[in-house]
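Hello,

Here is the structure I said I would pass on. My notes on it follow below.

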Amino acid sequence: GARPARGAARERGGRAEGEEGSARRGSRRAAKPAPEKRKLPLGGLIGFGALLVIVAGGWLLRDLLFGGNEKDEGGPAAGGTPAAEAAPAAETPAGGEAVAPAAGASETPAAAGPAETTPAAETSPAGAGEKPKEVADPDSVDLSALPEFGPTMGCTPEKFREMQELMATWMDLDQGAAGNRAGRALQEEGRIAVPVIINFMKTIDLGTEYGFRQGDMCQKTLQHICYERNFGWKYPPPEFRANPDPETVWYDKEVIRKWAVSWQQADQSIEAWIKMCDIEKKKPEDATRLRKEFGEGAPGAAPTKKDDEGIDLDID
């Protein structure tokens, strides 16, 4: 009976000690203060408020200085060029057409007078420096001022009149076969037929299709007589075939003038004729025959490269 009683007493004592320990731990927990919640410092709030005031003041000051942004008031966009630095609007002169100022040009003070502007017609296009092409004037070449040539060395007056008749028949384009025969006969006469052909060429109206055909026939015959030497010949474009354009007429009249100037030197000088046609090189035996037949020829002007007006003569 004593053992159980002592065990119960120990058990009660243990429980009492445990309860006392729990009470002491609870009192220590209650005595420990709870952590305080963090609060924003007063100085931080004041600084944040001052920052907001500065930002708002800067925005208002910007609007006052630069007139607002482009979206609201038509000024330059934020971060762009201020209105005071923008390019001035295009000026409208008295003529009514606006002329934009040159990029990067400095402004001209009012006291210096208005800035000079280049008219639109004088603006230099791409490829500046090229002179405009001059329009050829056919009337600038006066064929009637050229001399009338007579019989040359080795040609009698009777033979000269006979060739003139052949020339008239040949230049009548309605003669058909008879005209062709007359043209071949003139070509066979060779050098002595040259003045007859040039005399007729001076009277041709190259501004018509009929006259152009006559001139073309004459220059081809002269080329054959002169050992294929020539001064060129211009043919009108298809649209001007019925009525040759002024440039073609001017060119071909100039060719006729060169024939006349060149023959004027070779008319009475066989050496000038030989050089004019380059006979010494192309057919030396003919040059020898001509020198035997005419000697040095009658006194005449020596051939030159250019006439008195600077026109190139096709002689070497």
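Subject of these notes: what was found

Ile 274 lies in helix H9. This is a predicted model, and in it Ile 274 is buried, with a relative accessible area of 2%. Leaving out residues up to four places away in sequence, Ile 274 touches Ile 279, Glu 280, Ala 287, Leu 290 and Arg 291.

Asp 278 counts as buried because its relative accessibility is 18%, and the cut-off for buried is under 20%. The phi angle of Asp 278 is near 55°, a positive value in a residue other than glycine. Tyr 227 also has a positive phi, near 60°, and is not a glycine either. Tyr 227 sits in the loop between H7 and H8. For context, most residues other than glycine have a negative phi.

The whole chain

The protein chain has 11 helices and 0 strands. Read from the N terminus, its elements run α-α-α-α-α-α-α-α-α-α-α. Of the 316 residues in the chain, 28% are buried. Taking the contacts between residues at least 6 apart in sequence, 62% join residues at least 24 apart.

Helix H4

Helix H4 covers residues 157-171, which is 15 residues. From its first C-alpha to its last, H4 reaches 21 Å, close to the 21 Å expected at 1.5 Å a residue. Which residues of H4 are buried? They are Phe 160, Met 163, Met 167, Trp 170 and Met 171. Seen down the axis of H4, these buried residues fall within an arc of 85°, so they line one face of the helix. What do the buried residues of H4 pack against? Their partners are helix H5 (177-189), helix H6 (194-201) and helix H7 (209-225).

H6 against H8

Two packed helices are described by the angle between their axes and the distance between the axes. For H6 and helix H8 (residues 246-266), the axes come within 10 Å and cross at roughly 145°. The crossing of H6 past H8 is left-handed. On the H6 side, the contact is made by Val 194, Pro 195, Ile 198 and Met 201. On the H8 side, Ile 256, Trp 259, Ala 260 and Trp 263 take part. Sorted by type, the residues of this contact of H6 with H8 are 8 nonpolar, no polar and no charged.

Asp 252

Helix H8 also holds Asp 252. Is Asp 252 buried or exposed? Asp 252 counts as buried, because its relative accessibility is 1% and the limit is under 20%. Setting aside its neighbours within four places in sequence, Asp 252 is in contact with Leu 206, Phe 212, Trp 233 and Lys 234. Pro 138 is 114 residues from Asp 252 along the chain, and the C-alpha atoms of the two are separated by 9.1 Å.

Regards

Conventions: Residues are numbered from 1 along each chain as its sequence is written. This is a predicted model: local features need pLDDT of at least 70, side-chain atom pairs count only at pLDDT 80 or more; totals for chains, interfaces and linings use all residues. Side-chain values use heavy atoms; hydrogens and water are left out. Helices (H or I, at least four residues) and strands (E, at least two) are DSSP runs, numbered from the N terminus. The expected span of a helix is 1.5 Å times one less than its number of residues. Buried means under 20% relative accessible area, exposed over 50%, partly exposed in between (1.4 Å probe, protein chains only). The arc is that of the directions from the helix axis to the C-beta atoms. Contact means heavy atoms within 4.5 Å. Axes are lines fitted to C-alpha atoms, for helices over the stretch in contact, and angles run from 0 to 180 degrees between N-to-C directions. A crossing is left-handed if the near helix is turned anticlockwise from the far one by less than a right angle, and right-handed if clockwise. Ala, Val, Leu, Ile, Met, Phe, Trp, Tyr, Cys and Pro count as nonpolar, Asp, Glu, Lys and Arg as charged, and the others, Gly among them, as polar.
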